[in-house]
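I opened this model to look up how its parts pack together. My notes follow the display.

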Amino acid sequence: TAYRRQRQMCIRDRMNCHPKKIHLITCNFPTLTLSLYQTKYKNAMQQNIEHPENDACYEGLAVNKGIEQPDPVNPAIAERLKHLKKKTLTADEYVTGIFRGDINILSQAITLVESARIDHQAMAQEVINRCLPNTGKSVRIGITGVPGAGKSTFIEAFGKFLTSEGHKIAVLAIDPSSERSKGSILGDKTRMEELSCDPHAYIRPSPSAGSLGGVARKTREAMLLCEAAGFDIILIETVGVGQSETAVHSMVDFFLLVQIAGAGDELQGIKRGIMEMADSIIINKADGNNITRAELAKVQLQNALHLFPPHESGVEPKVMTCSAYEKTGIKEIWENILHYCSETQQSKYFDIRRSEQAKYWMYETINEQLRNRFYQSQKEQIREAEEKVQHNEESSFAAAFRLLDNYFKEDTKL
């Protein structure tokens with residue numbers, strides 16, 4: 001338009017008069033023009049900025065002032081949150097909430113159990129002791145296998161089947177912790193989208209925190225709390241384990257090993273370790289073009305199991321195939337678990353195994369407490385011993401024995 005053309009001519013004349021200036025031209029048009037006339041002066045932008053719109057030549061132009069940016073956090077709310085403290089529950093409130101089946105209180109109780117604080121540990125032991133009369137009424141199933149075998153996907157398909165049968169299930173998923181950052185993604189729950197939305201299922205991911213055996217140190221205590229909350233089936237998913245990591249076997253009634261086709265031949269199955277402890281082996285991902293290989297792996301493992309000594313439960317382990325993706329073979333696996341529990345309960349092996357597990361975890365707790373107290377009481381001495389060992393002033397074994405002698409002497413004085 002004529003008005004726009006006239007304004008552009010004025011701007012051009014103004015720029016010719018001041019060639020070393022950088023002009024910010026703002027008008028009542030919906031555009032903002034930033035013209036950089038001489039690039040060699042761009043480093044001095046702040047000193048050379050001029051606003052020619054204030055000149056009489058540009059009468060009718062207006063500069064809109066920006067609004068002051070508000071604080072992203074409401075100061076009143078921030079001040080209130082500073083003084084807001086999370087309510088600390090008493091042992092009675094924890095126990096009452098757990099017996100009531102309150103998931104939030106159950107999660108807080110498990111967090112209390114996993115805490116390393118001394119006062120939290122004392123409270124956790126009181127809560128567990130009061131919950132013990134309501135425990136032991138569930139079927140405890142440990143699920144382990146090599147990384148990538150599809151444990152989480154299988155648990156979701158298996159869990160949805162169990163909840164459809166009227167059961168309440170709790171999944172204690174153990175996620176590996178980083179050796180470098182000591183952190184853990186806790187991503188197993190992400191793979192269980194359907195099961196995590198099921199009102200009859202509870203999923204609790206926990207980091208392994210460097211503990212061996214594929215489970216966390218406090219998994220057994222968390223399992224007891226879940227039983228007290230009314231869950232009749234406890235599924236414990238371990239991290240991806242190898243042949244020698246079998247700690248989960250010492251806390252469950254049924255030990256299920258998840259394998260995939262092509263993970264090894266008959267010689268691999270003959271090797272002692274996690275294979276001979278399994279109460280059943282399933283070949284997952286038996287779908288599509290993989291069905292033939294899964295059936296071949298089933299035959300190879302079944303032949304290998306015949307070479308093992310008879311199982312102490314008296315029930316011969318079975319090798320089965322399934323597809324967690326297509327949800328096939330799930331019902332047969334559950335029927336096999338029920339058959340195993342029925343046979344072991346009739347032979348009294350079910351109760352004997354649980355009593356042996358309780359004794360095992362008593363010794364494990366003693367070892368853990370001794371280790372923790374040793375490292376807490378010998379911090380300074382350990383630092384001095386580390387320097388001597390690193391500078392070859394003392395051997396590793398001599399330093400270890402010296403630290404232990406000091407600890408026992410101090411403990412005897414107390």
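These entries cover a helix pair and a sheet.

Before starting, I noted that this is a predicted model, where local features need pLDDT of at least 70, side-chain atom pairs count only at pLDDT 80 or more, and totals for chains, interfaces and linings use all residues. Residues are numbered from 1 along each chain as its sequence is written, and side-chain values use heavy atoms, with hydrogens and water left out.

**Helix pair.** I looked up α4 (residues 91-100) and α5 (residues 103-114), which pack at about 130° with axes 8 Å apart. Helices here are DSSP runs of H or I with at least four residues, and strands are E runs of at least two. Axes are lines fitted to C-alpha atoms, for helices over the stretch in contact, and angles run from 0 to 180 degrees between N-to-C directions. The angle makes α4 oblique to α5 (under 35 degrees is roughly parallel, over 145 roughly antiparallel, 65 to 115 roughly perpendicular, the rest oblique). From α4, the contact uses E93, Y94, G97, I98 and R100; from α5, I105, L106, Q108, A109 and L112. Contact means heavy atoms within 4.5 Å.

**Sheet.** I then traced an open sheet of seven strands with parallel pairing, in the order β6-β5-β7-β4-β8-β9-β10. Two strands pair if DSSP finds at least two bridges between them. β6 (201-207) and β10 (318-321) are at the edges with a single partner strand each, so one side of each has no neighbour in the sheet. The twist averages 20° from one strand to the next.

How many bridges join β5 to β7? I found five, between residues 169-175 and 233-237. A173 stands opposite E237 in β7.
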